[in-house]
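Please look over the sequence and the structure shown here before reading on. The report that follows moves from the whole chain to single residues.

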Amino acid sequence: MSGPAVHPVEVPPPTTDAVPPTVRMKDVQGMAGTTGAFFLRLCQFVFAAVSLCVMATTSDFPSVTAFRLSFTCCHFTVFLFCFEIRVLSCYLVAAVGLQSLWSLSLALADIYALLVRRSFRSTGVVSLFAIGDGITSTLTFAAACASAGITVLIGNDLDKCNLNHCTRFMSATAMAFLSWFAVSPSFLLNFWSLASR
């Protein structure tokens, strides 16, 4: 009786021009194109839109003098102070307006990425997101800090809250800070994703 014969199969030698497979980075929640990023963008948009709406619906905001002050000081000092307050309140409205538009557009991009089950891995797209997040977060933070300083000045130092809408301005400032808190992780994760390439 004879047994079956086993013939060993030789492994072909490796070719030198073969490219090794690349390892893709794991998607961290919060990076562009993930559900975490969509949630952060939604929070950014909601907080910025609420801040914008609170500032815009104040009864004296359309007349541009956002904080009414009545001093018996030098008129020039009062004019400069009112001008500074006017500029800072308009700066807050412009900053949170830009933040809400930016966040809404990136939330729509995240929805698209989630629907087609793809994440943003292109260096150009991720760098655009990181730069845009950095600019809008800096503007929102600066506007919120400036507005917080003015509301503290009017409310605590000058004690003129009965003539102004201090609670509305404080809530708009708080919403701007919350929008900045939501945009900071987006910026850091997009910047980290860009730097780790």
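## Surface and overall make-up

The accessible surface of the chain comes to about 11800 Å², and 71% of this surface belongs to carbon and sulfur atoms. The model is a predicted one, and every value in this report should be read with that in mind. Of the 197 residues in the chain, 37% are buried.

The secondary structure consists of four helices and zero strands, so that, read from the N terminus on, the order of elements is α-α-α-α. When contacts between residues at least 6 apart in sequence are considered, 82% of them join residues that are at least 24 apart.

## Helix H1 and the annotated spans

Helix H1 covers residues 35–56, which is 22 residues, and its first and last C-alpha atoms are 31 Å apart, close to the 32 Å expected at 1.5 Å a residue. Among the buried residues of H1 are Gly36, Ala37, Leu40, Arg41, Cys43 and Gln44, and the list also includes Ala48, Val54 and Met55. As background, an α-helix has 3.6 residues a turn, so residues three or four places apart point the same way.

An unreviewed UniProt entry lists residues 38–57, 69–94, 100–116, 128–154 and 174–195 under "transmembrane region". In the model, residues 38–57 are 95% helix and 0% strand, with end C-alpha atoms that lie 28 Å apart. Residues 174–195, in turn, are 100% helix and 0% strand, and there the end C-alpha atoms are 32 Å apart.

## The largest nonpolar core

Which residues make up the largest nonpolar core? This core has 12 residues in all, namely Ala48, Val54, Met55, Leu92, Val93, Ala95, Val96, Ala143, Ala144, Phe169, Ala172 and Ala176. The elements that give two or more residues to the core are H1, helix H2 (75–115), helix H3 (123–157) and helix H4 (166–195), and the largest share, four residues, comes from H2.

A search of the whole structure finds one salt bridge. In this salt bridge the side chains of Arg41 and Asp133 meet, with a distance of 2.7 Å from N to O. The pair links distant parts of the chain, since Arg41 belongs to helix H1 and Asp133 to helix H3, 92 residues apart.

Are these two partners buried or exposed? Arg41 counts as buried because its relative accessibility is 3%, and Asp133 counts as buried because its relative accessibility is 0%, where the cut-off for a buried residue is under 20%.

## The loop between H2 and H3

Ser119 lies in the loop between H2 and H3, and with a relative accessibility of 19% Ser119 counts as buried, because the cut-off is under 20%. Ser119 and Thr34 are 85 residues apart in sequence, yet their C-alpha atoms are 6.6 Å apart in space. Not counting residues up to four places away in sequence, Ser119 touches Asp27, Ala32 and Gly33.

Arg117 is found in the loop between H2 and H3 as well, but Arg117 counts as exposed because its relative accessibility is 75%, and the cut-off for exposed is over 50%. The phi angle of Arg117 is near 55 degrees, which is a positive value in a residue other than glycine. For context, most residues other than glycine have a negative phi.

Technical notes: Residues numbered from 1 in each chain as written. Predicted model: local features only at pLDDT ≥ 70, side-chain atom pairs only at ≥ 80, totals over all residues. Heavy atoms only, no water. Expected span 1.5 Å × (residues − 1). Buried < 20%, exposed > 50% of the residue type's maximum accessible area, 1.4 Å probe, protein only. UniProt positions renumbered as here; feature names shortened; annotations may be inferred. Core = buried A, V, L, I, M, F, W, Y, C linked by side-chain atoms within 4.5 Å. Contact = heavy atoms within 4.5 Å. Areas by Shrake-Rupley, 256 points an atom, 1.4 Å probe, with all protein chains shown as cover. Salt bridge = Lys/Arg side-chain N within 4 Å of Asp/Glu carboxyl O.
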